[in-house]
Amino acid sequence: MLRALPGRANLLRVRAQCLAVETLVRLEVPKRTHLIRMILEDGKVVEDGLLMPSLQPHFLSDDQEGFALAERIVSGGASEYLPTVYVSAIDDDRWALDVRAIRALARDLAGVAHVVCEPSREFSFRLRDQVDGENVYNGTLGIAVPGGGFAHRAYLGRAIPDAKALVARVKSAAVDIRSQMPKVGGWDWLDFQDAILRHQREIDKNRLSAEENEKLWNDELALKDARIQELEAELHDARNTPLQAPASAAGNGMLLSMLKPEVYSGEFSDRVRAALEFCLERGADSGWDKRSLAVFEEIVGALTPSPALNELREDLRRATRDPARLNAELRKLLARHGFEFKSDNKHSRMEPRPEYVGLESVTLMKTPGDHRGLMNLCSQIEANLGLTRLKKMG
């Protein structure tokens, strides 16, 4: 957003497009125009909701103000026009990308998306409790859209093996998401030129000659022809581009859209992957044909383990570490993963909600046990949740 007049802000939309002049020409992806960088460097911008468009990333403060902003990002209420790339922490001031890569990402996405970094892993835990697990964490980068929350998540794993690939994935997704957002207000360049010409013609119509007025008319018609060609290109692109649903929270979007709810984000994808790996290990002895095994192997390669699995395991260990807080921590943790609290005179237990099929009740310990007893309880809950056979994310 540009600061145009005192007390008034105008929107400027800039789009780069490569057009072919010959058939069968490979079109390059257009680079971002330097106009955006110049505007941002000059500081001629106003706030986009709670965030300021910038060439630099926003580092959240570890206080109530930073926490409130993170909540708004998760809910999609932090910005009005641009998506937000949210970089979750893996430790205090540590992320999946180093600071140099984060700053480069913010520069590359300046004017396209905000880049926001949370301060610590503990901040993630507090935020997750507040937003019912809808945030990203443990190094995952999420892209939140205005009014819609997270539409895309990306994290290091088999599909994205290193930081360079992670940056490329996030940049591509952010540009795609921004290009698919509705055009609310703002000026296209052709609209801007058209408005200037019409304004100039109104000013000069009484003092210009007929030839000069005709030239203004011809210039305006030429702009309208260019605008028609632009709209025809947009219509052609829309007709030839398959509709894409927003990326799911983790794991495979197709599986998550078919099977809900999950105990954790990406659960069904992880279970399918584990089952297919089991088939591959024993497939030849079980009579599976080579074609099926080859298909299974392709699917296993395409399904990346969800980081939420390891996160849940770590949460369980943390919840069963302190005997004095055992009941309270387990109640809070299991309530986020499909259970509800039930109590009678003799026992306190967490029972699975009806829609979470296959889970069993967890009896909470009223009298804290020793360290071995706490470890056994953690293992029992992992087995109840069906985590034992699932492999950790590689």
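**Sheet architecture and helix packing in the predicted model**

The chain contains 13 helices and 12 strands, where helices (H or I, at least four residues) and strands (E, at least two) are DSSP runs numbered from the N terminus. The model is predicted: local features need pLDDT of at least 70, side-chain atom pairs count only at pLDDT 80 or more, and totals for chains, interfaces and linings use all residues. Residues are numbered from 1 along each chain as its sequence is written, and side-chain values use heavy atoms, with hydrogens and water left out.

Of the 394 residues of the chain, 39% count as buried; buried denotes under 20% relative accessible area, exposed over 50%, and partly exposed the range in between (1.4 Å probe, protein chains only). The accessible surface of the chain comes to about 23200 Å², and 53% of this area belongs to carbon and sulfur atoms. Accessible areas come from the Shrake-Rupley method with a 1.4 Å probe, and for residues only the protein chains shown count as cover. Among contacts (heavy atoms within 4.5 Å) between residues at least 6 apart in sequence, 63% join residues at least 24 apart.

Five strands form an open sheet in the order S3-S7-S4-S8-S9, with mixed pairing. Strands S3 (58-59) and S9 (149-154) stand at its edges with a single partner strand each, so one side of each is left without a neighbour in the sheet. Two strands are taken to pair if DSSP finds at least two bridges between them. S3 and S7 (residues 114-117) run parallel and are joined by 2 bridges; Phe59 has Cys117 in S7 as its bridge partner. Helix H3 (residues 99-108) lies across S3, S4 (84-87), S7 and S8 (141-145), and runs at about 155° to S7. Axes are lines fitted to C-alpha atoms, for helices over the stretch in contact, and angles run from 0 to 180 degrees between N-to-C directions.

Helix H4 (residues 121-130) packs against helix H11 (residues 307-319) at an angle of about 90°, with the axes 14 Å apart. H4 is therefore roughly perpendicular to H11, a term that covers angles of 65 to 115 degrees. The contact brings Arg121, Phe125 and Arg128 of H4 against Glu311, Glu314, Asp315 and Arg318 of H11. Its residues divide into 1 nonpolar, no polar and 6 charged, with Ala, Val, Leu, Ile, Met, Phe, Trp, Tyr, Cys and Pro counted as nonpolar, Asp, Glu, Lys and Arg as charged, and the others, Gly among them, as polar. Within H4, Arg121, Phe123, Ser124, Phe125, Leu127 and Arg128 are buried. The elements covering these buried residues include helix H2 (64-75), S4, strand S5 (89-91) and H11.

H4 is followed by Asp132, for which phi is positive, near 55°. Asn138, in the loop between H4 and S8, has a positive phi near 60° although the residue is other than glycine, and is partly exposed at a relative accessible area of 23%. Asp93, located in the loop between S5 and strand S6 (94-95), likewise has a positive phi, near 55°, and counts as exposed at 54% relative accessibility. Asp162 occupies the loop between S9 and helix H5 (163-180) and is partly exposed, with a relative accessible area of 38%. Asp162 and Leu97 are 65 residues apart in sequence, with a C-alpha to C-alpha distance of 9.3 Å.

Definitions and conventions. Angles under 35 degrees count as roughly parallel, over 145 as roughly antiparallel, 65 to 115 as roughly perpendicular and the rest as oblique.
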